[in-house]
Amino acid sequence: MSNWIINHGLSAFILVLWMGINTFLFVYYYLFYDHGLQFLYTRHIVGSGLSWARAPAAVLNFNCMLILLPVCRNLLSLIRGNFTCCGRSLRKQLDKNLTFHKLVAYMIALMTAVHTIAHLFNMERFNNSRQGKGDELSTELSELGDEANQTFLNPIRSTSTTPTYVVFTTIAGLTGVIITLALILMITSSMEIIRRCYFEVFWYTHHLFIIFFAGLVFHGAGRIVRSVKTTDPPHNISFCEDQPANWGLIPQCPIPQFAGGFPQTWMWVIGPMVLYLCERIVRFVRYMQTVTYRKIVIRPSKVLELQLVKAGFKMEVGQYVFLNCPDISQLEWHPFTMTSAPEEDFFSVHIRVVGDWTEKLMSMVEKLPEGAQGPKIGVDGPFGTASEDVFDYEVSMLVGCGIGVTPFASILKSIWYKFKESNPTLRTRKIYFYWLCRETHAFEWFADLLQVLEREMEERGMGSFLTYKLFLTGWDQSHAAHVKVHFDKDTDVVTGLKQKTYYGRPHWDNEFTEIRNNHPTSVVGTFLCGPEALAKTLEKKCAKFSVVDPRGIKFYFNKENF
């Protein structure tokens, strides 16, 4: 339990707090509308449907306030980088911004479903009441508003009007339909398979959030949920509900007047909307800044390296940028981790060709004449990630899979510069680096950096600072035969490094045991840029091998999220 608290305690607390607020809002507003005397006449017609519609609306207001905040990347980077009060545990929560964004979206979807279904039942009950299918009080309430100096309670204003007509001709009904359709499209296009195979569909439909929030702001303006308002003389609801025939005839029972509640949704969402608008303005300004190509390199295994220069650009290790190529798409932005070090006078990204956008970019680059500038490119960022904290740990454990090695390329380059400059602020004393690849060509572009690091550390007598293990998880018979012939060479036949390549996958229990034995009292940061399945494995290992004793070793798990 102690190990679990180390890695998940604050996340669990935030989740419980969020769920607690949602539960409180639902229960509070359910009881408010279920027992409020001013809503007694409305409840008489629609029953508990009133509470089941209004309680989810309160929860929706709260979550629609939250939904934009996790995607304000510049705000999160500001909190991460500039606020000294933001400790390590809190910064880890910033790395889970997209997870929280999804949780809030699920809550919005659930509450929208409940809210919509409840109102559909309410409209049917309003219609039945208008048709005279209810009791005397329901009929009398539904007919209010037909004469001068009266206000209505039932939104269906005539016996010939259908609920469908009301839904598509009132502000509340029409905006509700638009909001619901936009939400359905956004959620369905956000499924994992859609994002991976048809990213453009996900990207474009997600911009329906503009229509969603516009509809949300105006949705309450219809004031379709109405209650008894105070009059002079007052209408005594408790006394008059049983004698609608005497309304307007006796002093205690003047004809009741009704009014819709003041719209509140805009007050919940206006702040986040302004923040997000500022976010988009900052992104646009960055997009307009000139970016030039320093170097373009086509690497093995369909990897494209872009070395870029932008005035005033400053980065930290492990950060990422969003790239846009207008010649491919004006609206599409894709995240890429930077592989350069902060000490360099340029920033670089390595792009693996895996989709339509990257294929088009590679095709354009391949057609460029020698030494020419590449296509116009927009850069938004840099933005912080978990890897920024790598130098806050005495011992760091870096795990990359395939192109997921990119944040660690930045880290290892920065280490090389820090050693070169004898930087005294380097707190890290040991780094364990693991790279898992399916094919041999993937190692080629990164092996040069490891060779330089090997040589530099040996010259400085710090050969033990970096321990790295490269794992080849896929090979054929010809490669196995080649390795067998050259097995006795001093350097590895795949990478040319002194450290030989391992075949297969790491046995993580052995790796964690070795680190725990070597550093029994250290705090170890475990960083992963790779698939979710491996993330779950490493997260469990971090909990398993952390020691309960406060003086013992602690493993903190961190994962890259885009």
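Tutor: Before we look at any pair, contact here means heavy atoms within 4.5 Å, and helices (H or I, at least four residues) and strands (E, at least two) are DSSP runs numbered from the N terminus. Please also keep in mind that this is a predicted model, in which local features need pLDDT of at least 70, side-chain atom pairs count only at pLDDT 80 or more, and totals for chains, interfaces and linings use all residues. Residues are numbered from 1 along each chain as its sequence is written, and side-chain values use heavy atoms, with hydrogens and water left out.

Student: Okay, which residues of α3 meet α6?

Tutor: On the α3 side they are G49, L50, W52, A53, R54, P56, A57, V59, L60, N63, C64 and L66, and they meet F100, V104, M107, I108, M111, T112, V114, H115, A118, H119, N122 and R125 in α6. By class, this contact has 16 nonpolar, six polar and two charged residues, where Ala, Val, Leu, Ile, Met, Phe, Trp, Tyr, Cys and Pro count as nonpolar, Asp, Glu, Lys and Arg as charged, and the others, Gly among them, as polar.

Student: And at what angle do α3 and α6 cross?

Tutor: The axes of α3 (residues 49-66) and α6 cross at roughly 155° and come within 8 Å, which makes α3 roughly antiparallel to α6. Axes are lines fitted to C-alpha atoms, for helices over the stretch in contact, and angles run from 0 to 180 degrees between N-to-C directions; those over 145 degrees count as roughly antiparallel.

Student: What about α12 and α14, how do they pack?

Tutor: Helix α12 (residues 209-219) packs against helix α14 (residues 265-288) at an angle of about 150°, with the axes 10 Å apart, and the two are therefore roughly antiparallel to each other. From α12, F209, F213, L216 and V217 meet T265, W266, V269, M273, Y276 and R280 of α14, and the residues of this contact divide into eight nonpolar, one polar and one charged.

Student: Switching topic: is N127 buried or exposed?

Tutor: N127 is buried, with a relative accessible area of 12%; buried means under 20%, exposed over 50% and partly exposed in between, with a 1.4 Å probe and protein chains only. N127 sits in helix α6 (residues 97-130) and touches I156, T161 and P163, not counting residues up to four places away in sequence.

Student: And K413, where is that?

Tutor: K413 is in helix α16 (residues 406-420) and counts as buried at 18% relative accessibility. The C-alpha atoms of K413 and L453 are separated by 8.3 Å, although these residues are 40 apart along the chain.

Student: Which peptide bonds are cis?

Tutor: Two examples are the bond from D232 to P233, with omega near 0°, and the bond from G381 to P382, with omega near 10°. P233 lies in the loop between β1 (226-228) and α13 (237-240), whereas P382 is in strand β8 (residues 378-383).

Student: What is phi for R223?

Tutor: Phi of R223 is near 50°, a positive value in a residue other than glycine. R223 is found in the loop between α12 and β1 and is partly exposed, with a relative accessible area of 35%.

Student: Last one, how many helices and strands does the chain have?

Tutor: The protein chain comes to 20 helices and 14 strands, and buried residues make up 49% of its 562 residues.

Conventions. Angles under 35 degrees count as roughly parallel, over 145 as roughly antiparallel, 65 to 115 as roughly perpendicular and the rest as oblique.
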